[in-house]
Amino acid sequence: MKKKLVAVVGYGNAGKSTIIQSLTGCSGRGYEGYVEDHCSNESVYVFASSPQENPYGKAPTREDQKARFQQDLEKLTANCRGVVIAIQPTNPRVKVAMEDIFEIALALGFECWSFWLSPYYDGRTVNEIDLASRTPSKVKTSTLDARRFALKNANAIQTQTRIMW
């Protein structure tokens with residue numbers, strides 16, 4: 001089975017971490033690590049805080065951060081179903097960008113999804129042009145209503161991706 005990368009995409013304080021917590025049961029915002037199902041012995045690796053909000057490690061440059069992210073994906077355990085990650089759709093110069101994350105995951109053979117939170121907390125909405133221009137064509141893309149309860153959005157993600165057991 002192919003490993004999966006599930007990205008919850010939205011700006012700061014949009015509810016990305018809350019949705020990820022509802023989906024995976026991780027301990028909360030800023031969580032990074034494995035979430036395990038002890039019955040099936042399967043796991044999912046979670047980055048509940050986006051690399052743009054919390055610089056990826058202490059790597060000094062964008063290239064160093066990309067290399068560290070690739071190394072982390074390459075060393076996922078055999079029983080790991082994939083990665084759930086929060087991403088901001090910003091275009092940083094010094095931090096790893098959303099496009100970098102998808103590029104690395106696709107190159108490593110991951111099946112990728114992006115779930116964009118819309119409308120944003122300030123009322124703006126995501127349009128199809130934004131989605132198409134910012135997301136590689138091999139990434140399955142959907143929008144989630146950010147006004148809904150996190151659990152409903154987590155269920156929508158699970159229904160489409162089957163990332164969790």
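1. Strand β3 (residues 42-47) is mostly covered, with five of its six residues buried. Buried here denotes under 20% relative accessible area, exposed over 50%, and partly exposed the range in between, using a 1.4 Å probe and protein chains only. Strands and helices are DSSP runs numbered from the N terminus: E with at least two residues for strands, H or I with at least four for helices. The model is a predicted one, in which local features need pLDDT of at least 70 and side-chain atom pairs count only at pLDDT 80 or more, whereas totals for chains, interfaces and linings use all residues. Residues are numbered from 1 along each chain as its sequence is written, and side-chain values use heavy atoms, with hydrogens and water left out.

2. On one side, β3 is joined to strand β2 (residues 32-37) by six bridges, and these two strands run antiparallel. Two strands are taken to pair if DSSP finds at least two bridges between them. Within this pairing, G33 has V46 as its bridge partner in β3, and D37 has E42. The hairpin of β2 and β3 has four residues between the strands, and N41 takes a positive phi near 65° there.

3. The pairing of β3 with β4 is parallel and comprises four bridges. S43 stands opposite C80 of β4.

4. Strand β5 (residues 111-118) is also mostly covered: seven of its eight residues are buried. Its parallel pairing with strand β1 (residues 4-9) extends over six bridges, and A7 has S114 of β5 as its bridge partner. Six bridges also join β5 to strand β6 (residues 140-145), again in parallel; here L117 is partnered by L144 in β6.

5. The six strands form an open sheet with mixed pairing, in the order β2-β3-β4-β1-β5-β6. Since β2 and β6 stand at the edges, each with a single partner strand, one side of each is left without a neighbour in the sheet. Neighbouring strands are turned by 20° against each other on average, direction ignored. Angles between N-to-C directions run from 0 to 180 degrees, and axes are lines fitted to C-alpha atoms, for helices over the stretch in contact.

6. Helix α1 (residues 16-24) packs on the sheet, where it touches β1, β2, β3, β4 and β5. Contact means heavy atoms within 4.5 Å. The direction of α1 makes about 160° with that of β4.

7. Helix α1 also packs against α5, at an angle of about 60° and with the axes 8 Å apart. The crossing of α1 past α5 is right-handed, a term for the near helix being turned clockwise from the far one by less than a right angle, left-handed being anticlockwise. T18, I19, S22 and L23 of α1 meet A150, L151, N153, A154, I157 and Q158 of α5. These contact residues divide into six nonpolar, four polar and no charged. The nonpolar class is Ala, Val, Leu, Ile, Met, Phe, Trp, Tyr, Cys and Pro; Asp, Glu, Lys and Arg are charged, and the others, Gly among them, polar.

8. N153 is placed in helix α5 (residues 150-161). At 1% relative accessibility, N153 counts as buried. Apart from neighbours within four places in sequence, N153 is in contact with I19, L144, D145 and R148.

9. Ten salt bridges are found in the structure, a salt bridge being a side-chain nitrogen of Lys or Arg within 4 Å of a carboxyl oxygen of Asp or Glu. One of them is formed by the side chains of E42 and R81 (3.1 Å, N to O). This pair links distant parts of the chain, with E42 in β3 and R81 in strand β4 (residues 80-87), 39 residues apart. E42 is partly exposed, at a relative accessible area of 22%, whereas R81 is buried, at 13%.

10. Another salt bridge is that of R134 with E99 (2.5 Å, N to O). R134 lies in helix α4 (residues 128-134) and E99 in helix α3 (residues 98-107), so the pair ties together parts that are 35 residues apart in sequence. R134 is buried, with a relative accessible area of 18%, and E99 is partly exposed, with 25%. Elsewhere, salt bridges that share partners join E32, R68, D72 and K75 into one network. Within it, the side chains of K75 and D72 meet at 3.7 Å, N to O; K75 is exposed, at 59% relative accessibility, and D72 is buried, at 12%.
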